[in-house]
Amino acid sequence: MTHLWVRAEQRPNEERVGLTPEGAAALIAAGVRVTVEQSQVRAIPIDGYRAAGCRIVAGNLWPKAPADAIIFGLKELPEDGTPLTHRHIMFGHAYKGQPAGRVLLDRFRAGGGTLYDLEYLVDETGRRVAAFGYWAGYAGAAVALKCWVAQQRGAIAGPVRKYPGKTALLADLGRELAAIGPQRPRAIIIGALGRVGGGAADLCAATGVPVTKWDMAETARGGPFPQVLAHEIFLNCILARPGCPVFVPAGAVTAPRALTVIGDIACDPTSDFSPIKVYDRATDWDAPALRVHDAPPLDVTAIDNLPSLLPVESSQDYAAQLLPSLLTLGSLETGVWGRAMDEFRRHTAGP
């Protein structure tokens with residue numbers, strides 16, 4: 001019997017989960033055994049999983065799970081260097097040359113485990129079967145707008161927090177914008193036709209921010225892109241990949257520009273393929289803005305778990321997208337899972 005073990009997230013400010021109680025009930029009905037770890041922070045209460053028929057265990061027991069269990073989480077495992085013996089479903093951030101990713105892959109090599117990277121679960125056409133993209137875009141645009149509002153007050157954006165839903169987020173932004181008056185920044189979104197860009201565009205529309213929407217057609221010539229510098233806010237909504245053009249070169253910090261906020265929603269600053277060359281590290285909830293130039297200011301916000309600002313809505317949306325693939329866990333050598341395994345093997349092959 002296939003055994004899915006849903007681990008508690010151990011990263012600060014991470015309340016999302018990739019399986020709802022309704023999804024767990026569907027898996028159990030299909031013959032999958034589901035174990036769910038208790039969590040003090042998970043946005044969806046444990047009682048729903050218990051009612052669905054899941055086995056409930058203490059948090060962070062997954063290292064002692066049965067050898068045949070498939071460990072399912074979203075974000076990073078504790079960086080303790082221990083070999084990884086299980087099969088893991090998670091966002092590994094390990095295939096684009098990231099230093100931490102190389103360490104993670106070494107742990108899998110040492111333990112003989114397998115990574116099924118959620119970013120690389122794709123259908124026959126190469127399209128991801130599930131993504132948090134919309135809510136990443138929505139929340140990322142909100143944080144970038146908060147950074148711009150702080151600049152109007154002569155400050156750097158302070159800590160951000162989770163919201164019970166987008167209505168509360170919009171109300172909070174509305175109060176902040178009202179305090180500085182009627183002016184609004186101009187935003188440019190690159191990747192506007194994708195899920196991430198769609199979420200970012202919707203947040204901008206809801207807050208009265210005028211948007212220029214770009215996608216592949218506008219960036220195909222490879223740059224430079226002076227239009228990016230002509231907007232107060234730039235929202236990057238495309239994943240870093242080989243051949244990606246540079247949207248913001250290192251010299252942009254001292255170039256004439258209206259640009260004062262970069263929202264790198266894709267958030268892959270340590271990748272060799274990052275299209276934004278003015279910063280080299282992610283930001284976080286406590287310090288969402290990294291100031292890379294003072295006069296005129298240029299702040300970069302790059303939080304890599306943005307959907308956690310709206311943990312309930314983003315969890316429900318993602319879990320619904322992923323459930324059809326989870327229902328095929330009995331066939332890990334084929335389909336979505338087989339393609340993810342091939343990707344893992346390709347990146348762990350050789351010496």
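**Note on salt bridges and cysteines**

1. The structure holds 17 salt bridges, a salt bridge being a side-chain nitrogen of Lys or Arg within 4 Å of a carboxyl oxygen of Asp or Glu. Side chains of opposite charge can pair when their charged atoms come close.

2. On the basis of these remarks: this is a predicted model, in which local features need pLDDT of at least 70 and side-chain atom pairs count only at pLDDT 80 or more, while totals for chains, interfaces and linings use all residues. Residues are numbered from 1 along each chain as its sequence is written, and side-chain values use heavy atoms, with hydrogens and water left out.

3. One of the salt bridges joins R107 to D80, with 2.9 Å between the closest N and O atoms. The pair links distant parts of the chain, 27 residues apart: R107 lies in helix 3 (residues 99-111), whereas D80 lies in the loop between strand 4 (70-72) and strand 5 (87-90). Helices (H or I, at least four residues) and strands (E, at least two) are DSSP runs, numbered from the N terminus. R107 is buried, at 7% relative accessibility, and D80 is partly exposed, at 48%. Here buried means under 20% relative accessible area, exposed over 50%, and partly exposed in between (1.4 Å probe, protein chains only).

4. R291 and D299 also form a salt bridge, their closest N and O atoms being 2.7 Å apart. The aspartate, D299, is buried, with a relative accessible area of 0%, whereas R291 is partly exposed at 26%. As for shared partners, salt bridges join K146, D172, R175 and E176 into one network.

5. A further salt bridge pairs R281 with D280, and the closest N and O atoms are separated by 3.4 Å. D280 is exposed, with a relative accessible area of 51%; R281 is partly exposed, with 47%.

6. The cysteines deserve a separate remark. The count of disulfides is 0, where a disulfide is a pair of cysteine sulfur atoms within 2.5 Å. For C204, the closest cysteine sulfur is that of C237, at 8.9 Å, which is too far for a bond. Viewed from C237, the closest cysteine sulfur is in C204, again at 8.9 Å and too far for a bond. Both residues are assigned to the buried class: C204 is buried with a relative accessible area of 5%, and C237 is buried with 10%.
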